[in-house]
Amino acid sequence: MRALDFEYMWDMVPVLLGYVPLTLFMALVGMFFALIFASVMAVERVFRVPVLDSFVRLFISFFRGTPLLVQLFLFYYGLPQVLAFLTTINGVTATIMGLTLHFSAYMAESIRAAILGVDRSQWEAAQAVGMTQVQMMQHIILPQAARVAAPTLVNYFIDMIKGTSLAFTLGVTELMGATQKEAAGSFLYFEAFLVVAAIYWIMVEVLSFAQRHLETYLNKAYAR
Amino acid sequence: MITTAAITVNGLNKSFGDTSVLKDISLEIQSGERVVVIGPSGTGKSTLLRCLNYLDRPESGSIRVGDLTVDPASASRSDILALRRRTAFVFQNYALFANKTARENITQALITVKGLSKAEANARADETLRETGLIDKADAYPAALSGGQQQRIGIGRAMALDADLMLFDEPTSALDPEWVGEVLDLMRRVAEKHQTMLIVTHEMQFAREIADRIIFMSDGQIVEQGTPQQLLEDPQDARTKAFLRRVGKTGASEGQS
């Protein structure tokens with residue numbers, strides 16, 4: 001057994017921190033689109049729009065049923081062979097696409113469950129005052145469902161941040177890819193991956209802190 | 001005095017599964033009239049109210065409010081929306097929007113449905129909150145209000161809509177006895193404004209005092225109707241007599257339908 005090379009680890013921190021923005025960029029853009037996709041699919045699943053419903057169910061089934069890595073390879077290596085206009089797709093874009101579609105499938109199900117959990121009286125009151133279905137969803141049902149879904153959605157976001165590390169398999173030099181390169185040069189694998197693990201961990205902890213504030217905000221209407 | 005019908009109901013039928021809940025109900029309520037529906041639990045009183053704004057869709061029968069006629073055979077989504085926008089509904093369980101403050105509960109529909117500006121809606125809401133005696137609770141969320149306060153906001157939300165017809169579905173049945181009085185007081189003030197009201201209630205004393213007409217329903221049918229004097233003092237049908245004997249002259253808030 002050898003001693004850890006703390007100096008090496010210390011020197012690596014600023015180098016790796018330089019890649020944090022790219023990781024957060026992929027996760028945030030992915031989360032943004034995933035939330036939109038998931039909400040649309042969840043609402044569709046609640047109202048069961050004919051024809052569209054079959055597509056949404058197939059979509060959710062596929063993206064929940066296959067590994068994220070397989071989906072990323074399909075987008076990056078596979079699709080450009082079939083669809084010519086995708087030949088210029090870069091690794092970052094492919095990763096964001098993959099994360100968006102993969103996580104939107106999961107998130108659609110938890111948003112759907114949250115929507116169905118909103119008390120029937122809330123739907124009826126919205127209908128009784130003459131709201132359209134869109135107004136009812138926008139002002140009454142979705143805000144209340146958001147409160148219920150928030151903890152699980154933050155969970156998926158955490159998963160998504162860590163999922164960005166798969167971008168390195170598409171040749172993207174992001175946090176994980178940079179660590180890999182560093183370690184390959186120094187042969188100090190343990191040190192290198194320990195540092196990157198700590199960086200991911202701290203990012204997630206900061207997010208958990210934000211989550212507590214988000215939940216306090218979403219619960220403010222329910223405090224007695 | 002020339003009266004015009006606020007709502008005309010013709011041959012309304014509704015069943016849940018094999019159980020027929022409303023059987024060929026016809027009813028006309030004049031503008032400004034206050035009608036109270038009484039009857040045993042489970043006889044379709046609430047279902048009648050819920051069919052009038054299509055929270056429950058009837059199987060057949062037409063509903064006419066002003067120049068709008070809605071028939072389940074041909075009712076489009078916009079017909080139903082139009083019907084709901086001419087009626088206002090007060091729920092037994094208050095059904096305030098849980099994510100909105102008391103004031104927002106009132107302004108929400110004024111802004112999204114009636115297209116008022118935020119300032120106009122707030123002004124109208126504050127006026128209503130003062131009438132309900134709850135202006136100091138304007139920024140409170142429903143979870144922080146008592147049952148009686150929630151129901152007063154529920155009535156305020158319905159009042160602010162300026163509907164042709166206000167429907168009250170057992171508005172005091174879910175309340176602790178201590179809150180019943182304040183809700184009935186507010187309903188009296190609504191009545192003083194010549195608002196057309198259709199009220200399902202078990203509060204017989206209140207019915208006697210406020211109603212222009214009382215309708216007795218049993219088994220999904222209108223058995224008999226008349227002024228409070230006629231119906232309560234001189235009921236004709238055996239079922240009415242039996243019901244009145246059971247609930248007594250003042251009534252109890254025990255039943256739900």
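Q: Why is Thr66(A) called partly exposed?
A: In this predicted model, Thr66(A) has 21% relative accessibility. Buried means under 20% relative accessible area, exposed means over 50%, and partly exposed is in between, with a 1.4 Å probe and protein chains only. Thr66(A) therefore counts as partly exposed.

Q: Where is Thr66(A) found, and what does Thr66(A) touch beyond residues up to four places away in sequence?
A: Thr66(A) is in the loop between helix 3 (52–65) and helix 4 (68–82) of chain A. Helices here are DSSP runs of H or I with at least four residues, strands are runs of E with at least two, and both are numbered from the N terminus. Not counting residues up to four places away, Thr66(A) touches Gln71(A) and His102(A); contact means heavy atoms within 4.5 Å. His102(A) is 36 residues away along the chain, and the two C-alpha atoms are separated by 8.9 Å.

Q: What makes the pair Thr66(A) and Gln71(A) a polar contact?
A: Their side chains come to 2.7 Å. A polar contact is a pair of N or O atoms within 3.5 Å; within protein, one must be able to donate a hydrogen and the other to accept it, and residues adjacent in sequence count only if both atoms are side-chain atoms.

Q: Is Gln144(A) buried or exposed?
A: Gln144(A) counts as buried because its relative accessibility is 8%. This residue sits in helix 7 of chain A. Leaving aside neighbours within four places in sequence, its contacts include Tyr222(A) and, from chain B, Phe97(B), Ala98(B) and Asn99(B).

Q: What makes helix 2 of chain A oblique to helix 7 of chain A?
A: Helix 2 (residues 20–47) and helix 7 (residues 133–163) of chain A pack at about 135 degrees, with axes 10 Å apart. Angles under 35 degrees count as roughly parallel, over 145 as roughly antiparallel, 65 to 115 as roughly perpendicular and the rest as oblique. That is why helix 2 of chain A is oblique to helix 7 of chain A. Their contact has 14 nonpolar, three polar and no charged residues. For these classes, Ala, Val, Leu, Ile, Met, Phe, Trp, Tyr, Cys and Pro are nonpolar, Asp, Glu, Lys and Arg are charged, and the others, Gly among them, are polar.

Q: Why is helix 8 of chain A called roughly antiparallel to helix 9 of chain A?
A: Helix 8 (residues 175–186) and helix 9 (residues 189–218) of chain A pack at about 160 degrees, with axes 8 Å apart. By the angle ranges above, that makes helix 8 of chain A roughly antiparallel to helix 9 of chain A. The contact divides into eleven nonpolar, two polar and no charged residues.

Q: How were these values set up?
A: Local features in this predicted model need pLDDT of at least 70, and side-chain atom pairs count only at pLDDT 80 or more, while totals for chains, interfaces and linings use all residues. Residues are numbered from 1 along each chain as written, chains are lettered from A and ligands numbered from 1 in written order, and side-chain values use heavy atoms, leaving out hydrogens and water.

Definitions and conventions. Axes are lines fitted to C-alpha atoms, for helices over the stretch in contact, and angles run from 0 to 180 degrees between N-to-C directions.
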